[in-house]
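Here is a short briefing for someone meeting this structure for the first time. Please look over the sequence and the fold before reading on.

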Amino acid sequence: MTAAGRPQRDGLSIGAVLAQLRPEFPDVTISKIRFLESEGLLRPARSPSGYRQFTDADVDRLRYVLAAQRDHYLPLKVIKQQLDAASDPDQPARGLVGVDRLPTPEDFAAGHEVRMTREELFAETGIDQRLLTELENYGLVRSGAAGFYDQDAMLVARIVVAMGEFGIEPRHLRTFKVSADREVGLLHQIVGPMYRHRDPDARERADEIVRELASLSVALHTLLVKTGLRGVAGG
C-alpha cells in the first residue's frame, strides 16, 4: 500500500514515462503519448482502476517511435510496420516498405533551431546572392521578420544546390512550390477545424495529423516520381 492508502500500481505511470523521455525528446507530451497509443503504436497494460501501466519495453518502444519520427521523418504507419515486423520472428527484417530513406537525421533533429544571416546561409549551403534572389522570387526560400533564415531555408538551399549539379535551375522548381501550396490547402481543410478547437488535446492531435500527412505526402511523391521514371526508362 502507498502512504495514501491506495494500492501500489505495477509499471510506470504516463507521467513517469514523460519524465524519462523529456530530456531526449523535449517536445513529447502526455497528449502525444495518448495519441500514439490510440494509433496502435503503444499497448500499455491497464490497472483494474484504468491507469496505464508502462513497462520498460513500452518505454523502449515509445523511444523508438519518437526517434523514428524525429530522425527519419517516417510516417506512423511505416513505424508500426517496422515494429510489428521486429516483434514477429517469422517476418524478415525490413526497412522502409518500398519507400526510400527520406532526409537525414540531422535535417529533422527535434529542437534544432537554426537562425542564420544571409552571409551564414551562403557559407553553410554554397549558394550565392544571385541564386538566393531567385529562390526568394519563386517563393522557395523566405527569411523571417528579422531577416534571418531558419532550418527550412537552409535545407531548401542545400537541395537546390544539389539539384543544380544536374542542370536543374530554380525556375524549374516552381512546379514543386505550386504542388506544395495545393497540398497545404488540402491539409488545412482537414485540420483547420481542429486547430480552432479550444481543447489542447485536439490541437495536439491536429499537429500529429499534419506531421503524419506531410510524411505520407512526401512518401507518395517519392513513389510517384520513381514509378514515372521507371516508365520513362522502360519506354
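This is a predicted model: local features need pLDDT of at least 70, side-chain atom pairs count only at pLDDT 80 or more; totals for chains, interfaces and linings use all residues.

The chain holds nine helices and two strands. Buried residues make up 31% of its 235 residues.

**Overall layout**
- Read from the N terminus, the elements run α-α-β-β-α-α-α-α-α-α-α.
- Take the contacts in the chain with a separation of 6 or more: residues 24 or more positions apart account for 58% of them.

**The H1 and H2 pair**
- Two packed helices are described by the angle between their axes and the distance between the axes.
- Helix H1 covers residues 14-21, and helix H2 covers residues 30-38.
- Their axes come within 10 Å and cross at roughly 110°.
- H1 is therefore roughly perpendicular to H2, because angles of 65 to 115 degrees count as such.
- From H1, the contact uses Ile-14, Val-17 and Leu-18. From H2, it uses Ile-30, Ile-33 and Arg-34.
- Five residues of this contact are nonpolar, none is polar and one is charged.

**More on H2**
- Buried residues in H2 are Ser-31, Lys-32, Ile-33, Phe-35, Leu-36 and Glu-37.
- Gly-40 follows H2. The phi of Gly-40 is positive, near 85°.

- Pro-170 is found in the loop between helix H7 (151-164) and helix H8 (174-195).
- Is Pro-170 buried or exposed? Pro-170 counts as buried because its relative accessibility is 5%, and buried means under 20%.
- Setting aside neighbours within four places in sequence, Pro-170 is in contact with Leu-131, Glu-134, Leu-135, Tyr-138, Leu-140 and Val-160.
- Glu-134, one of these contacts, is 36 residues from Pro-170 along the chain. The C-alpha atoms of Pro-170 and Glu-134 are separated by 6.6 Å.

**Aromatic rings**
- How many aromatic pairs are there? The count comes to zero, with ring centres required to lie within 6.5 Å for a pair.

Key:
Residues are numbered from 1 along each chain as its sequence is written. Side-chain values use heavy atoms; hydrogens and water are left out. Axes are lines fitted to C-alpha atoms, for helices over the stretch in contact, and angles run from 0 to 180 degrees between N-to-C directions. Helices (H or I, at least four residues) and strands (E, at least two) are DSSP runs, numbered from the N terminus. Angles under 35 degrees count as roughly parallel, over 145 as roughly antiparallel, 65 to 115 as roughly perpendicular and the rest as oblique. Contact means heavy atoms within 4.5 Å. Ala, Val, Leu, Ile, Met, Phe, Trp, Tyr, Cys and Pro count as nonpolar, Asp, Glu, Lys and Arg as charged, and the others, Gly among them, as polar. Rings of Phe, Tyr and Trp (its six-membered ring) pair if their centres lie within 6.5 Å; planes under 30 degrees apart count as stacked, over 60 as edge-to-face and the rest as tilted. Buried means under 20% relative accessible area, exposed over 50%, partly exposed in between (1.4 Å probe, protein chains only).
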